[in-house]
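Thanks for coming. I will walk through one structure this morning, a piece at a time. Please have a look at it first.

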Amino acid sequence: MSRARRPDPPPLRTNDVRVAAVGTAAWAVALVVLLLVGLPAEERWWLGVCGAGIVIGLFGVWYVPRLQATRERQEAERAARREAPRAPGEG
């Protein structure tokens, strides 16, 4: 005999914009440190890595709120469709 499965807990609400902003700031700090320390010519590619991290982080700060708003809107539309009364004969 199997036991009844408990329902899944609701998803945790997180501040994803803050996560992206902190990551972006970390890349910016790394870039400043590398610029202050100075790198040998064969290690300068690390500056590009930091720059890419900053650009991707800024994109994340811009994109995440739009993504979350779209997902919330889609979920509200799905909930409205589930709650809408069906006419006789609809499937």
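Thr 24 is buried, because its relative accessible area is 10% and the cut-off for buried is under 20%. Keep in mind that this is a predicted model. Thr 24 sits in helix H1.

What does Thr 24 touch, if we leave aside its neighbours within four places in sequence? The contacts are Ile 54, Gly 57 and Leu 58.

Staying in helix H1, go to Leu 31. Not counting residues up to four places away in sequence, Leu 31 is in contact with Leu 47, Cys 50 and Ile 54. Ile 54 was also on the contact list of Thr 24. For a distance along this part of the model, take Leu 31 and Trp 46: they are 15 residues apart along the chain, and 8.3 Å separates their C-alpha atoms.

Now the helix as a whole. H1 is made of 22 residues, and from its first C-alpha to its last it spans 32 Å. That is close to the 32 Å expected at 1.5 Å a residue. After H1 comes Gly 38, with a positive phi near 85°.

Next, the segment before helix H1, which covers residues 16–37. Pro 7 is found in that segment. Is Pro 7 buried or exposed? Its relative accessibility is 72%, so Pro 7 counts as exposed, the cut-off for that being over 50%. Pro 7 and Val 55 are 48 residues apart along the chain, and their C-alpha atoms are 40 Å from each other.

Last item, the largest pocket. It holds about 290 Å³ of space. Which element gives the most to its lining? That is helix H2, residues 45–83, with 6 residues. Among the lining residues are Val 64, Leu 67, Gln 68, Arg 71, Glu 72 and Glu 75. Pro 11, Leu 12, Arg 13, Thr 14 and Asp 16 line the pocket as well. Sorted by class, the lining has 5 charged, 4 nonpolar and 2 polar residues.

To go back over it briefly: Thr 24 is buried, Pro 7 is exposed, and the largest pocket takes most of its lining from helix H2. That is all from me.

Key
Residues numbered from 1 in each chain as written. Predicted model: local features only at pLDDT ≥ 70, side-chain atom pairs only at ≥ 80, totals over all residues. Heavy atoms only, no water. Helix = DSSP H or I, 4+ residues; strand = E, 2+ residues; numbered from the N terminus. Buried < 20%, exposed > 50% of the residue type's maximum accessible area, 1.4 Å probe, protein only. 1 Å grid on protein atoms, 1.4 Å probe; cavity = no way out; pocket = protein on both sides within 12 Å on 5 of 7 lines; lining within 4 Å. Points joined across faces, edges and corners; volume = space filled by probe spheres on them. Nonpolar A, V, L, I, M, F, W, Y, C, P; charged D, E, K, R; others polar. Expected span 1.5 Å × (residues − 1). Contact = heavy atoms within 4.5 Å.
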